Structures are given as C-alpha cells and as structure tokens.
Amino acid sequence: MQKLKLKAFSKILGQTALIALITFVMSEITLRIYNKIDPSFVFYDSSYNRFRGKPNAPDYDFKLNSQGFKDVEFTVEKPAGIYRILGIGDSFAYGVVPYEYNYLTLLEEQLNQSGQKTEVINMGIPGMGPRDYLSILVNEGLKLNPDKVVVFFYIGNDFLDNVMTAKLRTEEKSYVIALIKSLIKIQSNYQGKVLNPTTVKYNDNQPTFNNEKYLQDTVNKSNMFVRNPADGIFKSFVEDAVQDLLKIKQICDSQNIPLTVVIIPDEVQVNSQLQQQVKNAFDPNDPNLLDFELPNRMLTEQLQQANIDYLDLLPSFKVASQQTRLYKPNDTHWNIAGNRLAAELISQHLNSKNNQP
C-alpha cells in the first residue's frame with residue numbers, strides 16, 4: 001500500500017514538474033516575442049543609475065535637470081513641430097566642460113540654425129558603456145518618441161566597459177526570472193552625484209592628472225592597438241560591444257527611428273607626442289607594434305555590415321590636432337575646442353543625412 005502511494009505521488013510530482021517546465025518554456029518564448037515587438041524596461045538593467053548626476057544638482061554655473069541629465073528640462077511629450085534627437089553616451093556626452101560648451105548643447109544650436117526646429121536631449125551619464133546605452137534607450141528613451149537616436153561610442157573604454165562591468169546576469173538569460181524579479185523588487189530611488197559643484201571653476205588648461213598617472217593609464221588601455229595580438233581577445237571585446245549596438249539598431253528599426261553611431265577617438269589616437277610615449281613604453285625597438293587606427297577599422301567594418309549609419313571623428317580630429325589642442329590636459333575628455341569641433345562635424349553629418357533623397 002505504501003509503495004502504491006509513493007508511486008502515485010512520484011507520478012503526480014513528475015507531471016507537475018513537466019507542466020511547470022512547459023509553462024516556463026512557453027512563458028520564456030512569449031516574453032521574448034513580446035519584447036521583440038515592444039521592448040520593455042523589465043528586461044534591461046538600470047544599474048547605470050549608480051553613475052547618474054543628482055537631480056537639480058549644480059554643475060559649474062548650470063543646474064542639472066530633474067532627471068539628473070546635463071540638460072534643460074524636457075517634456076515626455078514631444079512638442080509639436082519639433083525634431084527630437086536623443087544623444088546617448090558616457091562622460092563624453094556629459095562632458096567635463098560647462099553646459100554651454102558641451103558639444104550636444106552646441107549641436108542643438110547649430111541644427112536649429114539650419115532651419116529645422118530641433119531638440120537635442122543629452123542623456124549622457126558618466127561610466128556608461130554599450131550595454132547601458134541599450135538599457136537607457138529602452139528604459140527612458142523610447143517613451144520620449146524621438147525622431148533620431150545618436151549613440152556616442154568612445155574608443156578609449158567602450159570596448160572594455162561590458163567586460164569590466166558585468167558578466168551576463170541570470171535575469172538577462174531568462175526573461176521569466178527578470179519579470180518575476182521586477183515584480184517583487186522595490187526599486188530604490190537613486191540619489192545621484194554632484195560632479196562639478198559651484199565651488200569649482202572650470203579651467204580649460206588645467207591638467208586633471210599628473211603626467212605620470214595619465215601616461216600609465218593610457219598605456220594600460222593601449223593593448224587594443226597591438227597589431228596581430230597573440231591572444232586575439234580584443235576581437236571578442238569588439239564583438240561583444242557590437243552586439244549591443246545591433247540590439248539598439250533592431251529596436252530603432254522596429255520603431256522606425258533612424259540611428260547614427262558617432263565614434264569618439266581617444267586622445268592617444270590623435271596626439272603624436274603621446275603616441276610616441278606609448279610606443280616607447282611598449283617596445284621602443286618596434287615602432288610598428290601599435291596601430292592606433294585598428295579599433296576604428298574593426299568597429300566600422302561591423303557597422304557597415306549591419307547597415308548602421310556612423311560618423312568616425314578620428315580622421316578630422318587627427319588633422320585638427322596638428323594645429324589645436326582638442327583634449328583637456330591629462331584628462332582624455334574634450335576641451336572647449338574639441339567640443340566645438342565635434343558639434344560642427346556631427347551637425348554636418350546629420351544635415352547631410354537629412355538632405356539625402
């Protein structure tokens with residue numbers, strides 16, 4: 001009798017497990033199909049908030065908006081007659097310069113001068129990477145009904161950010177787990193950071209780090225420029241970053257939103273003196289060991305294959321750097337002149353795309 005009860009219980013348990021497995025698999029498939037059609041914030045990480053500016057915090061002589069972005073206030077509903085552009089990036093988009101000199105501020109001014117009423121929303125948050133660009137687009141960008149999305153990809157660290165910040169999370173592997181977690185988790189409000197208080201006065205010529213530290217930091221990240229590396233690991237970094245750009249492209253296409261990727265060069269790619277210092281640190285006897293344009297070629301090749309519109313700023317910045325310093329000393333970020341040149345180049349590119357038949 002006891003064996004019969006145990007056998008019956010085992011049978012019920014097995015059937016229950018099978019039903020649960022089938023339900024889980026079908027739910028997973030359904031959620032993935034739904035997310036393809038209508039991307040949801042439930043399935044994308046919001047950890048980029050750890051770097052976000054504090055809402056309404058001072059930034060030099062400017063004040064961040066209520067979302068913690070380095071921009072004026074904007075409404076979720078797009079004003080009538082306005083062409084809305086989302087600018088998504090890291091600390092380059094946020095900028096180390098005051099708001100009035102930021103390239104996205106200047107870009108909006110220049111685009112409006114061309115005749116079309118344009119609103120450029122700066123969604124830059126320091127410390128973000130490609131996976132965060134995808135997340136912030138889905139979590140916060142799509143609801144703004146943009147007419148254009150521009151993602152700013154910084155060569156200096158965006159290939160490494162995905163590797164440095166996270167292994168693939170469990171909820172990213174399973175949409176069902178992500179949904180359950182989102183339903184039971186109480187999201188804590190981010191406090192945000194005050195990056196440039198009013199007590200700090202911006203100085204375009206003041207070095208941020210000393211020469212030794214800046215050179216060492218530059219050398220540490222310059223393995224990406226090694227020709228034919230033995231391990232080939234950088235190629236996997238490129239592929240990982242491009243996967244997030246491809247997802248952004250798929251989402252934009254599903255919403256009929258044009259996408260442009262702007263490639264931001266690292267200073268070592270345009271500063272010949274810094275290049276020589278880095279070469280000496282690697283191997284002074286092998287001047288051809290490093291190829292400072294290699295990451296750009298690898299990235300643009302994949303962007304072309306994916307039919308993603310892009311603007312690589314490297315060629316123009318190399319030329320301009322021969323006459324003008326474009327980066328804040330020992331900082332990696334653009335100074336006022338660099339922001340101005342970037343705004344001009346991006347404006348020209350976007351205008352040329354808008355004028356195409």
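**View 1. Val194 sits in the loop between helix H7 (175–184) and helix H8 (211–220).** The model is predicted: local features need pLDDT of at least 70, side-chain atom pairs count only at pLDDT 80 or more, and totals for chains, interfaces and linings use all residues. Residues are numbered from 1 along each chain as its sequence is written, and side-chain values use heavy atoms, with hydrogens and water left out. Helices (H or I, at least four residues) and strands (E, at least two) are DSSP runs, numbered from the N terminus. Val194 is partly exposed, with a relative accessible area of 40%. Buried means under 20% relative accessible area, exposed over 50%, and partly exposed in between (1.4 Å probe, protein chains only). Not counting residues up to four places away in sequence, Val194 touches Lys54, Ala57 and Pro58. Contact means heavy atoms within 4.5 Å. Val194 and Arg52 are 142 residues apart in sequence, yet their C-alpha atoms are 9.1 Å apart in space.

**View 2. Asn56 lies in the loop between helix H1 (2–37) and strand E1 (58–59).** Its phi is positive, near 65 degrees, in a residue other than glycine. Most residues other than glycine have a negative phi. Asn56 counts as partly exposed, at 39% relative accessibility.

**View 3. Gln269 is buried in a loop.** The loop runs between strand E6 (259–264) and helix H10 (272–282). Which residues does Gln269 touch, not counting residues up to four places away in sequence? They are Ile155, Phe225, Gln275, Phe292, Glu293, Asn296, Leu314 and Lys318. Gln269 has a relative accessible area of 1%, so it counts as buried.

**View 4. Helix H11 covers residues 294–305, and Asn307 follows.** H11 has twelve residues. From its first C-alpha to its last it reaches 17 Å, close to the 16 Å expected at 1.5 Å a residue. The expected span is 1.5 Å times one less than the number of residues. Leu294, Pro295, Asn296, Leu299, Thr300 and Leu303 are the buried residues of H11. Among them, Asn296 is also one of the residues that Gln269 touches. Asn307 lies in the loop between H11 and strand E7 (309–312). Asn307 is not a glycine, but its phi is positive, about 60 degrees. At 62% relative accessibility, Asn307 counts as exposed.

**View 5. Helix H3 (residues 103–113) packs against helix H13 (residues 336–354).** The angle is about 45 degrees, and the axes are 8 Å apart. Axes are lines fitted to C-alpha atoms, for helices over the stretch in contact, and angles run from 0 to 180 degrees between N-to-C directions. That makes H3 oblique to H13. Angles under 35 degrees count as roughly parallel, over 145 as roughly antiparallel, 65 to 115 as roughly perpendicular and the rest as oblique. H3 contributes Tyr103, Leu106, Leu107, Gln110 and Leu111 to the contact. Residues of H13 in the contact include Asn339, Arg340, Ala342, Ile346 and Leu350.

View 6. Where pLDDT is low, the predicted coordinates should not be read in detail.
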